[in-house]
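Here is a short briefing to read with the model open beside you. Please take a look at the sequence and structure first.

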Amino acid sequence: MKQSKNKGFQKTVVIDVVGLSSHLVGEYTPFLKKFLNQKQTLLIKPMLPAVTTSVQSTYLTGKLPSEHGIVGNGWYDREDAEIKFWKQSNHLVSAEKIWERAKKIDPSFTCSKMFWWYNMYSSADYSVTPRPQYHADGVKAPDCYSQPPELRDELQSTLGQFPLFNFWGPNANIKSTQWIADATIYVDKKYNPHLTLVYLPHLDYCLQKFGSDIFKIRKELLEIDSVLKQLIEYYESQNTKIVLLSEYGITPVNRPIHINQILRENGVLSVRKERWYELLDPGASKAFAVADHQISHVYCDDPTVKKQIIEILRKVSGIQLVLDKKDQKKYGIDHERSGDIVVVADSESWFTYYYWLDQRKAPDYARLVDIHRKPGYDPCEIFMDPNKPMIKFRAGLKLLRKKLGFRYLMDVIPLDASLIKGSHGALHQKKEFYPIFSSDIIYPQKEISATKVYDLIWDQMTSEI
């Protein structure tokens, strides 16, 4: 087994509790409340965009999106003329990561990256990330990807198959977060890395469903509290320095903005007709939006319409900021991948990707959990359509068809954006919705920037406390 302390580095774990903010800590998180009361808890000022892949990349590089290039969970590839969401190659992050800096000082330094994003082909020593199998007959089977490759088989042999359909979708629940926690402990026991990064997504689902209603999410709060107790008590027994943080807080929302429908109604967005439905055609559009929670990247193929679009969007109720490339520099999001215009919603609004004007012409993937084909983020994937009678029974029949080897289409996702009660991504949150940072490091200020998180993780790794 490798030694976890070498050349001044402390064995450290960074626990990312998605969506955690101070207003959630209380009656239904007794362990977490006690743990944080023993530490200094800092507020992290939300960055733009406050979404998973961008924030994680900033925490691990100390850079903003203008430097590391992760301008959102997805963006438009101008060369391929394709919108790409939830890509996984670590090569997309164009800045040195914190463990790479440590390896320069001590080549024996090791890092375990458990479900943090951009986890494939990384320089981290040990990693696990979701990676479904896509069969030729259209079936999507649960699976994960690991480095080293044999770790995947070890984990699934010991813990069972990675519960992909509990990681995202209508059946998302504590099973996936528990599996990640168990896998993290397994990897730590086997390899004893200097640095462990673990991602716990559980609160993301309920907060988008129910917003900030503590009573409605009390079950989920108790569940994440139990997983944190397991992880923290384990790492305390290993004399490990513990950093607990979140990427963003989730604020209550009640107004979806159908930004692509607005662009289409103004004659700048093009669609292609196939069978009975319409497909967004970004390469043929003068302008279109890549919606990502509370931000949208608007790409303008025709620069003559840019000024017109800015004027249109500034008049839309629910939009707070409309940033051209010059304005984007102030927020550290200007990059070749960012939109010609970046649009930010106000605190009560969020952006859908919907571009059709008639639901009967919505594409077949709109009613599926299909994160890669949809030209924007779709939080409605965490619901089954409440307007379809016996929807759970119908879903059960489809699963039976799958088990019998027949083709099936799990078209159960609603097209009703009003179902969403929580979102994130913007800058204007109240402080009770700020993400948090907790460690043994005593810091003089109570609020820090997202880029400062990198420094404090480094300080914890190198501290002799």
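The notes below cover a strand, a helix and a loop residue.

This is a predicted model, in which local features need pLDDT of at least 70, side-chain atom pairs count only at pLDDT 80 or more, and totals for chains, interfaces and linings use all residues. Residues are numbered from 1 along each chain as its sequence is written, and side-chain values use heavy atoms, with hydrogens and water left out.

**Strand E6**
- Strand E6 (residues 126–130) is largely enclosed by the rest of the structure, because five of its five residues are buried (under 20% relative accessible area, 1.4 Å probe, protein chains only); strands are DSSP runs of at least two residues (E) and helices of at least four (H or I), numbered from the N terminus.
- Tyr126, Val128 and Pro130 lie on one side of E6, with Ser127 and Thr129 on the other, and all are buried.
- E6 runs parallel to strand E5 (residues 111–114), joined by three bridges, and Met114 stands opposite Val128.
- Strand E9 (residues 144–147) pairs with E6 in the antiparallel sense over four bridges (pairing needs at least two DSSP bridges), and Cys144 is the bridge partner of Pro130.

**Helix H7**
- Seven of the nine residues in helix H7 (residues 202–210) are buried, among them His202, Tyr205 and Cys206.
- Those buried residues pack against elements including helix H6 (174–191) and strand E10 (195–200).

**Asp364**
- Asp364 sits in the loop between strand E20 (349–351) and helix H12 (391–403), and counts as buried at 18% relative accessibility.
- Beyond neighbours within four places in sequence, Asp364 is in contact with Arg275, Trp276, Tyr277 and Arg373 (contact means heavy atoms within 4.5 Å).

Notes
Buried < 20%, exposed > 50% of the residue type's maximum accessible area, 1.4 Å probe, protein only.
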